[in-house]
Amino acid sequence: MNILYKARASSSGGRTGEAKTDDGRLDVKLDTVKEFGGAGGPGTNPEQLFAAGYAACFHSALKFVAGQKKVKVPAASAVTAEVGIGPHPKGKGFALDIDLVVSLPGLDRAEAEALVAEAHEVCPYSNATRGNVEVRLSIV
């Protein structure tokens, strides 16, 4: 694979610690949510970071495929990723559960569905999760 860009981030302290990138652009405090027995402090958590990354990446993939088809993505378009975590249903450990909610106001429903389906084939987060994590797509 021809790598075009590589991000590097490190974490110390696990879910109650910090995470930062080597270039200093990201430097966040992490806190364990109450649902996992933590204090639920003001810091973020891995699921929120994953949700933000997936939403941004999927939105970019959507714009990319729309551009290839000469379709203008509405300025008010948005992608919301909902990332759940729970006990793995097929074994040890934990698993993720993902919903991607896409808003494409003003676009024909069939056209929006086609763009979202193609973006799901193009997005690297979708490719990484395919076959491993259930990802449900919806258009609002």
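Reader: Happy to dig in! Which helix holds Leu62?
Author: Welcome! This is a predicted model. In it, Leu62 falls within the stretch of residues 46-68, and that stretch is helix α1.

Reader: Is Leu62 buried or exposed?
Author: A residue counts as buried when its relative accessible area is under 20%. Leu62 has a relative accessibility of 0%, so Leu62 is buried.

Reader: How far apart in space are Leu62 and His120, C-alpha to C-alpha?
Author: In sequence, 58 residues separate the two. In space, the C-alpha to C-alpha distance between Leu62 and His120 is 8.2 Å.

Reader: Which element gives the most residues to the largest nonpolar core?
Author: That core has 27 residues, and Tyr54, Phe58, Leu100 and Leu104 have the most contacts inside it. The elements giving two or more residues are α1, β4 (78-87), β5 (94-103), α2 (109-122) and β6 (134-139). With 9 residues, the top contributor is α1.

Reader: And the open sheet of 3 strands: which are its edge strands?
Author: The strand order is β1-β2-β3, with antiparallel pairing. Between β1 and β2 (residues 18-21) there are 4 bridges, and Ala9 stands opposite Thr21 in β2. An edge strand here pairs on one side only, and the edge strands are β1 (9-12) and β3 (27-29).

Definitions and conventions. Residues numbered from 1 in each chain as written. Predicted model: local features only at pLDDT ≥ 70, side-chain atom pairs only at ≥ 80, totals over all residues. Heavy atoms only, no water. Pairing = 2+ DSSP bridges. Buried < 20%, exposed > 50% of the residue type's maximum accessible area, 1.4 Å probe, protein only. Core = buried A, V, L, I, M, F, W, Y, C linked by side-chain atoms within 4.5 Å.
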